[in-house]
Amino acid sequence: MIVVNLDVMLAKRKMSVTELSQRVGITMANLSILKNGKSKAIRMSTLDAICTALQCQPGDILEWRPDEAAQADRPEPQVPQETQVPPEPQIPQEPQTPPEPAAPAPKAPPKRRTAAQHPTPPKARAKGPAPSRPRQPRKPTRVAEPAPVRYLTVNTYGSRLNLRDTGSRNGNVVARLPSGARVELLETDGAWVHVRWEDKTGWALATYLKEL
């Protein structure tokens, strides 16, 4: 089942239901129905506006949990028992008689080589200087070209984007980027990007940044 953690995010952001209703633009009654988990559906535009106001992800508000009643009705899987194969009967082997040793063959007298049969040693080759190989020209080394600078723009629908010292929501806020600000991309790490804005550097959520 789907659990709505809207009250948890309101407590973390220290924001009241009235203030969230004014920022998002929905009535207190509809917001209370959504907070209590009695809503059957939610619009994508409403979820986007709530995430923008609370500076969070949709997964921070909506959570799926397994239904305990459905798990209790599931039967336990039966493990098939292994079948035992009877061992094969062993057939007794007949004793083998060792073979009789063969008589040694008579040795032939060694043959004498004549002078014509002796191999003549090869003539020694005259050693001389090895031929020199022409030197090949060295290939010019390639100089690595610097990577092009990439710029991003802040898109927060009018609100400011927090720039933190680490890629986490627990990091300290070093600056608040206005909507439409142009920043330089340094590196990316999952859902966070390391950017430079004016004379400050920090981490911001990639969801609210678009490439120029």
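Helices here are DSSP runs of H or I, at least four residues long, numbered from the N terminus. Keep in mind that this is a predicted model.

A search of the whole structure turns up five salt bridges. I will cover some of them.

Start with R23 and E19, whose closest N and O atoms are 3.1 Å apart. Both sit in helix 2, residues 17–24, and because they are four residues apart there, about one helical turn separates them. R23 is exposed, at 52% relative accessible area, while E19 is partly exposed, at 32%.

Next, D60 and R169 form a salt bridge, with 3.8 Å between the closest N and O atoms. This pair links distant parts of the chain, 109 residues apart: D60 is in helix 5, and R169 is in the loop between strand 4 and strand 5. D60 is partly exposed at 30%, and R169 is partly exposed at 29%.

Then R196 and E184 form a salt bridge, closest N and O atoms 3.1 Å apart. R196 lies in strand 7 and E184 in strand 6, so the pair ties together parts twelve residues apart in sequence. R196 is partly exposed, at 34%.

Strand 7, residues 192–197, also holds H194. Is H194 buried or exposed? Its relative accessibility is 16%, so H194 counts as buried. Beyond its sequence neighbours within four places, H194 contacts several residues, including E184, L186 and W203.

Last, the surface. V149, Y151 and L212 form a nonpolar patch with about 290 Å² of accessible area together. L212 is in the segment after strand 9 and is exposed, at 62%.

Methods:
Residues numbered from 1 in each chain as written. Predicted model: local features only at pLDDT ≥ 70, side-chain atom pairs only at ≥ 80, totals over all residues. Heavy atoms only, no water. Helix = DSSP H or I, 4+ residues; strand = E, 2+ residues; numbered from the N terminus. Buried < 20%, exposed > 50% of the residue type's maximum accessible area, 1.4 Å probe, protein only. Contact = heavy atoms within 4.5 Å. Patch = residues over 30% accessible without salt bridge, like charges linked within 9 Å, V, L, I, M, F, W, Y side chains within 5 Å. Areas by Shrake-Rupley, 256 points an atom, 1.4 Å probe, with all protein chains shown as cover. Salt bridge = Lys/Arg side-chain N within 4 Å of Asp/Glu carboxyl O.
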